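Subject: Structure handover

Hello,

Here is the structure for you to look through. Please open it first, then read the notes below.

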Amino acid sequence: MIPTIETNRLRLVAPNKDAFETYKKFYTDGSASKMYGGPLGIEQTWARLKADVGSWYLLGFGV
């Protein structure tokens, strides 16, 4: 199970397919994502989300 971490100012939730629009906004914006290998195309962005979700389920940790 992926934990939800909450503070007064931040809530981190498990990534899932509903996060794709947020990933797309971030990874297709060159200035926002340049330190993370961006900008990325739509297919690459989808692959990044799948890798992030998969690492949690397969390894028990992720971004």
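First, a term: a residue is buried under 20% relative accessible area, exposed over 50%, and partly exposed in between (1.4 Å probe, protein chains only). This is a predicted model, in which local features need pLDDT of at least 70 and side-chain atom pairs count only at pLDDT 80 or more, while totals for chains, interfaces and linings use all residues. Residues are numbered from 1 along each chain as its sequence is written, and side-chain values use heavy atoms, with hydrogens and water left out.

**Layout**

The chain has 3 helices and 2 strands. Both kinds are DSSP runs, numbered from the N terminus: helices are H or I with at least four residues, strands E with at least two. Starting at the N terminus, the order is β-β-α-α-α. The C-alpha trace spans about 30 × 30 × 20 Å along its principal axes. Of the 63 residues, 24% are buried. Now take the contacts (heavy atoms within 4.5 Å). Among those with a separation of 6 or more, 33% join residues 24 or more positions apart.

**Core**

Which residues make up the largest nonpolar core? There are 7: A19, F20, Y23, Y27, L40, L49 and V53. A nonpolar core here is a set of buried Ala, Val, Leu, Ile, Met, Phe, Trp, Tyr and Cys residues joined through side-chain atoms within 4.5 Å. Two elements, α1 (20-27) and α3 (42-59), each give two or more residues to this core. The most come from α1, which gives 3.

**Salt bridges**

A salt bridge is a side-chain nitrogen of Lys or Arg within 4 Å of a carboxyl oxygen of Asp or Glu. Side chains of opposite charge can pair when their charged atoms come close. How many salt bridges does a search of the whole structure find? The search finds 2.

One pairs R11 with E6. Their closest N and O atoms are 3.4 Å apart. R11 is exposed, at 53% relative accessible area. E6 is exposed too, at 56%.

The other pairs K24 with E21, and the closest N and O atoms are 3.4 Å apart. K24 is partly exposed at 26%. E21 is partly exposed at 44%.

Best wishes
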